[in-house]
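Please keep the sequence and the coordinates at hand while reading.

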Amino acid sequence: MLFGLPLLSLVIWLPILAGIGVLATGGDRNAQVARWCALAGSIAGLLVAIPLYTRFDPLSSAMQFEERSAWIEYFNIHYHLGVDGIAMPLILLNCFTTPLVVIAGWQVITQRVSQYMGAFLIMSGIVNGVFSSLDAILFYVFWEASLIPMFLIIGVWGGPNRVYAAIKFFLYTLLGSLLMLVAFIYLYQMSGGSFSIQDYHHLPLPLTPQILIFVAFLLAFAVKVPMWPVHTWLPDAHVEAPTGGSVVLAAILLKMGGYGFLRFSLPIVPDASHQLATLMIALSLVAVVYIGLVALVQADMKKLIAYSSVAHMGFVTLGFFLFNALGLEGAIVQMISHGFISGAMFLCVGVLYDRLHSRQIADYGGVANRMPVFAAFFMLFGMANSGLPGTSGFVGEFIIIMAAIQVDFWYGFLAATSLITGAAYTLWMYKRVVFGEVASPAVEALDDVNGREIAILAILAAAVLGMGLCPAPFTEVMHATVDELLAHVARSKL
C-alpha cells in the first residue's frame, strides 16, 4: 500500500489518469501546460514505482504486492495483479523511460502536443498492466491496448510513410496475439474454468497440446520481440516513428515479447519448451549473426539501430532456451540493458535529425568538430552497443555467451560473433557520422546539445555505466524467481 492505495494499481492507473488529464488540457494553445502536466505525471509514475524495488523481498520467489478482486464473475475473470523478480525490473525500466521521452519531445513536438504527451503516459500505465497481470484475460486486454497509443504515435507524428508503418506494426502484432487468445481459451477449459495464469503452471498437459499452445504463444511473442523471420515490421516502424516513439518501442514494447516467454511459454508448456528449444536457439542465433550483417549495410541510422535491436534481442531469446540460471538471468539483464542503450542511441539520432532533418549516414561527417559534447555521449552509447566491458551492453551478452558455452561450445561461438559485427556496424556508423572533415555547410551550422538534451543523455549514460560497473542491484532481485522457474521447468520435463 502507498498513500492507502494498492501499489500496483497506483503504478498502472496513475499514469493513465495523468495521460487523460493531459489530453484534457485541450489544443495547442495550452501546449506548455500539457508539457508540464505530462512531465509531472511521468515523474509521479516513476516515484510511485520505486517502492516496488525498495520493498521487494529478493529472497522470495512468490508473487509480491498481490491484488485480487472479481471483475467478470460469470467467466471467473479477476483483476489480479502481482510482480516477481522478472516483472518488477521491467516496470521500473518503463517508468524510468517515460519522463525521458516526455523531455525529449519538449521542443520537437509542436502540433497536437497534449495528444502526443498523453499517449505516452497512457501507454506507460498500460505496459505496467501487462507486466503485472496474473489473470490471462486482464493480461490480454492490456497487451492489446498497448497497440493503440503506439499506432497513433507512429501514424500521426511519424515520417512520410507513417501510415504504412503504423498499419504494418498493428497488423503484425494483432494477428499474432489472436492465437494467444485461442490458447488462453483452451487453457481455461482444461483448468476447469480458470483464467489465473498461476493455475496454468500445474496443468498436466500432454505433449501435443503443449506444442500447439507453444506455437500459439510463439507467434504472439516472437512478433513482439521481434525474432527472425517475423521482424520486418520493426525497421519500418522505427524509421517512420518520431524519436520518442522509437525510444519506447525499442526500450519497452519489445520487452513485452521476452516477458511473455518467461511468464507463459516456459512455465505453462515446459515440455514443449524443451522439445522445441533447438529450434528457438537456431532462430535466435540467426538473428544474432545474420541480422548483425544486415545492419552492417544500412545507410539510414535509425534502420541500422533497428536491426541492431533485432540482433541484441536474439541474445535474449537465446538465453531463455538454454535452461540454466546464467542464461535466464543474462537474458533479463540484456533486456534491461538494451532498454537503456537502444533508447540512448535513438535519442542521439533524434538530436541529429532535429537539426539536419536527415537520418542518412552519407549526409553527415565531421560532426565532432561542431558538436563535441554530443560526440562524447554518442561514443559512450556506441561503445555500449558494441558490448564494451564496463558498460551495461557487456554484462548481459557476456553472461549469455558463458551460459551458451556451458550447453554447447558452438552456440557460444556463434553468439560471440555479435561482439565483432556489433562493433563493426556501430563504430563504422560512428566514424562516418562523427569523425573526419566537416562534410557540408549544413553540418558546419550545427549547434551542440543544449541543457535539456544533456540532461537526458547524462541520465542514460549514468544508467549504462552504473549497470555495467555494478550489475548486482539489478541481478539480486531476480535470483529466487529464476531459480524457482528453472526448478519448475526441470520437474515438468518429460
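Which backbone oxygen lies 2.8 Å from a polar atom of the side chain of T97?

## T97 in helix 3

The model is a predicted one, and in it the backbone oxygen of L93 is the atom that lies 2.8 Å from a polar atom of the T97 side chain. T97 is placed in helix 3, and with a relative accessibility of 6% it counts as buried.

Once residues up to four places away in sequence are set aside, T97 touches V247, A251 and I252. The C-alpha atom of T97 is also separated by 8.4 Å from that of G339, although the two residues are 242 residues apart along the chain.

Strand 1, which comprises residues 64-72, pairs with strand 2 in the antiparallel sense over six bridges. Within this pairing, E67 stands opposite L81 of strand 2, while Q64 has V83 as its bridge partner in strand 2. Four residues lie between the strands of the hairpin; N76 is located in this loop between strand 1 and strand 2, where its phi is near 60°, a positive value in a residue other than glycine. At 31% relative accessibility, N76 counts as partly exposed.

In a regular strand the side chains alternate between the two faces of the sheet. In strand 2, I77, Y79, L81 and V83 point one way, whereas H78, H80 and G82 point the other way, and all are buried. Because seven of the seven residues of strand 2 are buried, this strand is largely enclosed by the rest of the structure.

## D84, between strand 2 and helix 3

D84 is placed in the loop between strand 2 (77-83) and helix 3 (87-104), and it is buried, with a relative accessible area of 3%. What polar partners does the side chain of D84 have? A polar atom of the D84 side chain lies 3.1 Å from the backbone nitrogen of A87, and the D84 side chain also makes a polar contact with the side chain of R263, at 3.0 Å.

Leaving aside neighbours within four places in sequence, the residues in contact with D84 are F56, A62, M63, P89, R263 and T481.

Helix 7 (residues 162-190) has 29 residues and reaches 42 Å from its first C-alpha to its last, close to the 42 Å expected at 1.5 Å a residue. Its buried residues include A165, F169, T173, G176, M180 and F184, and they also include K168. The buried residues of helix 7 are covered by elements that include helix 5 (136-145), helix 6 (147-157), helix 8 (197-200), helix 9, helix 10 (233-240) and helix 11. Helix 7 is followed by G192, which has a positive phi near 80°.

Helix 13 covers residues 277-296, and its 20 residues should span 28 Å at 1.5 Å a residue, which agrees with the 28 Å between its end C-alpha atoms.

## Backbone geometry elsewhere

Two cis peptide bonds deserve a check in the coordinates: the one from V225 to P226, with omega near -10°, and the one from W228 to P229, with omega near 10°. P226 is found in the loop between helix 9 and helix 10, and P229 is likewise found in the loop between helix 9 and helix 10.

R112 has a positive phi of about 50° although it is not a glycine. This residue is found in the loop between helix 3 and helix 4 (113-132), and R112 is partly exposed, with a relative accessible area of 45%.

## Cysteines

How many disulfides does the model contain? The count comes to zero when a disulfide is taken as a pair of cysteine sulfur atoms within 2.5 Å. For C95, the closest cysteine sulfur is that of C37, and at 19 Å it is too far for a bond. C95 is buried, with a relative accessible area of 2%, and C348 also counts as buried, at 0% relative accessibility.

How values were computed: Residues are numbered from 1 along each chain as its sequence is written. This is a predicted model: local features need pLDDT of at least 70, side-chain atom pairs count only at pLDDT 80 or more; totals for chains, interfaces and linings use all residues. Side-chain values use heavy atoms; hydrogens and water are left out. Helices (H or I, at least four residues) and strands (E, at least two) are DSSP runs, numbered from the N terminus. The expected span of a helix is 1.5 Å times one less than its number of residues. Buried means under 20% relative accessible area, exposed over 50%, partly exposed in between (1.4 Å probe, protein chains only). A polar contact is a pair of N or O atoms within 3.5 Å; within protein, one must be able to donate a hydrogen and the other to accept it, and residues adjacent in sequence count only if both atoms are side-chain atoms. Contact means heavy atoms within 4.5 Å. Two strands pair if DSSP finds at least two bridges between them.
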